[in-house]
Amino acid sequence: MEPTKTVKRVAIYYESRLGRNDGSPLYYLQLFKRLGWEVVHFTSEDTGDLAKWGEFDLHIWVDWGEDALKEMLPYTPMSLKDKHPSVYICSDTHLGRDYRFEKALEFDYVFFNQQRAVEEFTQLHPDKKEKVFWLPHAVEPLAYPSVPTAVKKYDIGFVGYVTFRKRAEMLDRMFKEFPNFFYGQRFSRWIYGEPPDGQDAANIFKKSKIVFSTSAVDDINMRTFEALATGSFLLTEWVPTLSELFEDGKHLVTYKTMDEAVEKAKYYLEHEEEREKIAKAGMEEVLAKHTYQNRAQAVLDIISKTTL
């Protein structure tokens, strides 16, 4: 008789009381459930006295947005001070690097979504170098499904916030060059069990012949993975880390200037077969190597060497 398998327990900490119960925290939570783990979600409303919940095999703090982290900043559950391992998955270091770096010091393992944050943090805290890692953004395929038969309604599609002047100027240029351009600010509001809205990011991507993307900082954004997963062609701004994950011209196409972006957009709108071949290869690559399941497994592989 095989021994009874013990169900592992994970505590996931992130703020969901600000109208944001989406994105990577929710994806990690649902992923661990699918893997058979018992998952308990904690927010800043919890007092820190978690004894009633029993022991956890893993504590994961997911930093999701500047607003949410500020709510969570004063809150460090007592369990994280004497229970291990504790993991900090940190995004958006360009929106408050100092207090994110300070928070990172409280954890056994730190995973930054931006590679340059790893370099900056380890320069400041060289003693933490062995426990700090780059964990790129990823995609949840259930939130961004591919639909090969989707009707391409827009020549160019973009989803994101215009929070930087450079981005506003780039979008203005694209509007002028391509009248059939869709711009939206709504990211996926997808929640397990509920169908996505028709204007959610996944639907916009699927309806676009070309998904246009810019980077707020010189690192890979979430839209890179999400757009590719829907099976649409991605034209994205070149960033240094992109070549470590994807092959330019095979999985996606990059640009360094707006003139180049316009030139390449016009070319691939006219060459549908070539465009769709790249889109298909990009989708296959991201679904094979860059899902949240891939990322969670990378985290578990790293910490299991010494703890799990």
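Me: Which residue forms a salt bridge with Glu260?
Reply: Happy to start there, noting that this is a predicted model, in which local features need pLDDT of at least 70, side-chain atom pairs count only at pLDDT 80 or more, and totals for chains, interfaces and linings use all residues. Residues are numbered from 1 along each chain as its sequence is written, and side-chain values use heavy atoms, leaving out hydrogens and water. A salt bridge is a side-chain nitrogen of Lys or Arg within 4 Å of a carboxyl oxygen of Asp or Glu. With the closest N and O atoms 2.9 Å apart, the partner of Glu260 is Lys264.

Me: How far apart in helix H9 are Glu260 and Lys264?
Reply: Helices are DSSP runs (H or I, at least four residues), numbered from the N terminus. Glu260 and Lys264 are separated by about one helical turn, because their spacing in helix H9 is four residues.

Me: Is Glu260 buried or partly exposed?
Reply: Buried means under 20% relative accessible area, exposed over 50%, and partly exposed in between (1.4 Å probe, protein chains only). Glu260 has 24% relative accessibility, so this residue counts as partly exposed.

Me: Which residue of helix H6 pairs with Lys266 of helix H9?
Reply: Lys266 forms a salt bridge whose closest N and O atoms are 3.5 Å apart. One partner lies in H9 and the other in H6, so the pair ties together parts that are 89 residues apart in sequence; the H6 partner is Glu177.

Me: At what angle do the axes of H6 and H9 cross?
Reply: Axes are lines fitted to C-alpha atoms, for helices over the stretch in contact, with angles from 0 to 180 degrees between N-to-C directions. The axes of H6 (residues 165–177) and H9 (residues 258–270) come within 11 Å, and the crossing angle is roughly 35°.

Me: Which residues of H9 make the contact with H6?
Reply: Contact means heavy atoms within 4.5 Å. H6 brings Met170, Arg173, Met174 and Glu177, while the H9 side is Met258, Asp259, Val262 and Lys266.

Me: Which residues do salt bridges that share partners join into one network?
Reply: Here the Lys266 and Glu177 pair comes back, as these two belong to the network.

Key: Helix = DSSP H or I, 4+ residues; strand = E, 2+ residues; numbered from the N terminus.
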